[in-house]
Structure formats: C-alpha cells, structure tokens
Amino acid sequence: MPGLFVALGEGREAAYAAGLARLCRHGAYRAERFEETGFRLARVTGPACGHAAYAGDGALRVWLYGAVDTPPGTDAAAHVARLYREAGDAWVDRVNGEFNAVIWEAKAGRLTLANDRFGLRPWYVREADGLCVLAPEVKGLLPFLDGGPRPDEPSAAGFLAFNKMRLGDRTPVDGVTVLPAASLWTREEPGGRTARRTYWTFRYSDARTDEAVGDTVVADLVSCYRDAMRRRSAGAGRGRTGLSLSGGLDSRSMAAALEPDARARMTAHTYGLTDSDEVRLAVATAQAAGMPHV
C-alpha cells in the first residue's frame, strides 16, 4: 500500500532510512525523499498509486495520497493548496474524497497532517521518545520498535472474538496505532508545538423528524442498493453480466436486490466443492431467486 511516510522530531535517521527500506523491499515500491526543517517526509510510490505533489511559489507545498473531488482539469493537490490558502484549516470541511495529506507552509513553519472523514487510507502511527512516525504500512514502523515487534494482546483478543484485525485505533502490533478518521494535526516550527483534533464525526439525530432517522437511513440505503444493482444488470440481456454467488450474505443480498426479470436473464456462478455448505446455500439461493445457476 503506497502512501506518505512522515517523521516528526529529531534523531533516529538510521531508523527512518530503515523504515523506507522495509516499505520498498523487493522493489514493489520506490521512495522519493523530501528533507524539511523539523520533519522528514517521503512519498512511497508504486503503479497507479494515486499521488499528487504540488509546489507553487515555494511558500506552500502539498503532498496528497488518494483522490479528492476537483473542478474539471484541476490537479488534486493544487486544489487542496487553493482551499488551504482560502480557508486555512477549514479546507478539510470543503473537500470530498479519500486521502492522506501533508501541507508545509514554509514561511510560517507550519506543518499540517490530515486524512479523510472515514479514514479510508490507513496511516499507521508510532510515537515514542519524542519521535512520531506515520507510515502507509505497519512494516515501515518496525525499525522504531525497541526490541522488535510484539503482539498487541487486546487486538489478538478482539480478533478471536470478532474476527476483526483492527478495532478502534489499535493494531496487531503493540505500540503501533492507526490514525483515527477525520484527524487534523498541526505542528508549528520552531518549537514543535502540536495540536490534534477530529474535525468531523458521523452522527444523526431523530429530533428533527417524526420518522426515526435510523429507519430512514436504512430505507435510503436499500433504495440506493437496488438502483445500483439495476444499473449493473442493465447489460444482462446481452449476455455480458453474471453474478458470482457464494453462500455468504453479500452476494445473496445482491441477488435479492435484483428485479425478478433481471434475475431470470442473468446467470449465477458458484465456485467450490459440490457437497460443501457454500455451494448448497448458493444453489438454494439461485433456485429461490429464479436465477439460472452454474
């Protein structure tokens, strides 16, 4: 997973270089390093990695990993730079997308780190001994773990209980966390004064309507889901659309969201041992839905 690699604080240059080397091992990625006052930054890139760099008049530089909505013909990082000049830290309220971003305002000595509202681009964090490092993968932080990596026991327990590798901001590696969604960090140089806040939280209230908002959200989701499946199945009459149907809830819900006539002209495909529960459930689903099945 390419991304931005950032170190805040002094020292540990050898560990910084080792972290980049770990990310770029086997030649899958490459690193482009930028040296700045009070922090160190690299872009870890690979094929179609979604990076954009902006260098304007030298006073403001933006590094962006991911994608944001922009006016036609506008570079994404340049768009973020313009919003930052216009609105300061409120730029995050005016941009839509999935991203990690670094903004360096050279004259003011001000560094900004941010991610999108839902934290769709993971940014792993290690903080210790006055040094904070953010990396696109946990392995890039291993050189900063004194004594080597150790398992995070609460994460292990969470995995056994919920089959989730990441709960909250914890990771399977002790001492490594993941940047929370909608994070905005600012750091002033010199002095290294740092402020951190969450700029957005998903929430809804039932207070403004007679109908429970939770029920409305679910109804809207079902409607959008049915519309998406209708659009997807539009080519089924030309024999170009099929449904990969397993015994799981995801693909079964797709079959349920299809209109009956779309099911009849679309073939469902299942891969697996014929006597397995997965295949038996898929066959029963296809029969109930009236779909041809292979």
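**Labels and their grounds**

Guide: This is a predicted model. Start inside: the largest nonpolar core has 21 residues, and F5, Y16, V44, V133, F144 and V176 touch the most other members. Two or more residues come from each of strand 1 (3–8), helix 1 (13–23), strand 3 (39–45), strand 9 (131–135) and strand 10 (176–178). Helix 1 gives the most to this core, with 4 residues.

Visitor: Which contacts does V176 make, leaving aside its neighbours within four places in sequence?

Guide: V176 is in contact with Y124, V125, V138, L141, L145 and T171, with neighbours within four places left out. A second, separate core has 20 residues, among them L83, Y84, V92 and I103.

Visitor: What makes strand 1 mostly covered?

Guide: The count does: 6 of the 6 residues of strand 1 are buried.

Visitor: How do you know which strands pair with strand 1?

Guide: Pairing takes at least two bridges. Strand 1 has 6 bridges to strand 3 and 3 bridges to strand 9. Therefore both count as paired with strand 1. Both pairings run antiparallel. L4 has R43 as its bridge partner in strand 3. V6 has L134 as its bridge partner in strand 9.

Visitor: Why is R110 called buried?

Guide: The cut-off is under 20% relative accessible area. R110 has 15%, so R110 is buried. R110 is in strand 7 (residues 110–115).

Visitor: What makes the link between the side chains of R110 and D89 a polar contact?

Guide: The distance limit for a pair of N or O atoms is 3.5 Å. The side chains of R110 and D89 make their polar contact at 2.8 Å. A further polar contact, at 3.0 Å, joins the side chains of R110 and E188. Both values lie within the limit.

Visitor: Which residues does R110 touch, not counting those up to four places away in sequence?

Guide: R110 touches Y84, D89, I103, W104, E105, T186, R187 and E188.

Visitor: Why does T112 count as buried?

Guide: T112 has 0% relative accessibility, which is under 20%, so T112 counts as buried. T112 is found in strand 7. With neighbours within four places left aside, T112 is in contact with Y84, D89, W91, A101, V102, I103, L184, W185 and T186.

Visitor: How far apart are the C-alpha atoms of T112 and D220?

Guide: These C-alpha atoms are separated by 36 Å. T112 and D220 are 108 residues apart along the chain.

Visitor: How do you know the span of helix 2 (residues 76–87) is close to the expected one?

Guide: The expected span is 1.5 Å times one less than the number of residues. Helix 2 has 12 residues, and 16 Å is expected. From its first C-alpha to its last, helix 2 reaches 16 Å. The label holds.

Visitor: What caps the N-terminal end of helix 2, and what follows helix 2?

Guide: D75 is the cap: a side-chain oxygen lies 3.1 Å from the backbone nitrogen of A77. G88 follows helix 2, with a positive phi near 65°. Within helix 2, A76, A77, H79, V80, A81, L83 and Y84 are buried.

Visitor: What makes strand 11 (residues 183–188) and strand 12 (residues 193–198) a pair?

Guide: They are joined by 6 bridges, and at least two are needed. They run antiparallel. R187 stands opposite T194 in strand 12. The two strands form a hairpin with 4 residues between them. G191, in the turn, has a positive phi of about 105°.

Visitor: How many helices and strands are in the chain?

Guide: There are 7 helices and 14 strands. Of the 294 residues, 41% count as buried.

Definitions and conventions: Residues numbered from 1 in each chain as written. Predicted model: local features only at pLDDT ≥ 70, side-chain atom pairs only at ≥ 80, totals over all residues. Heavy atoms only, no water. Buried < 20%, exposed > 50% of the residue type's maximum accessible area, 1.4 Å probe, protein only. Polar contact = N/O pair within 3.5 Å; in protein donor to acceptor, adjacent residues only side chain to side chain. Core = buried A, V, L, I, M, F, W, Y, C linked by side-chain atoms within 4.5 Å. Contact = heavy atoms within 4.5 Å.
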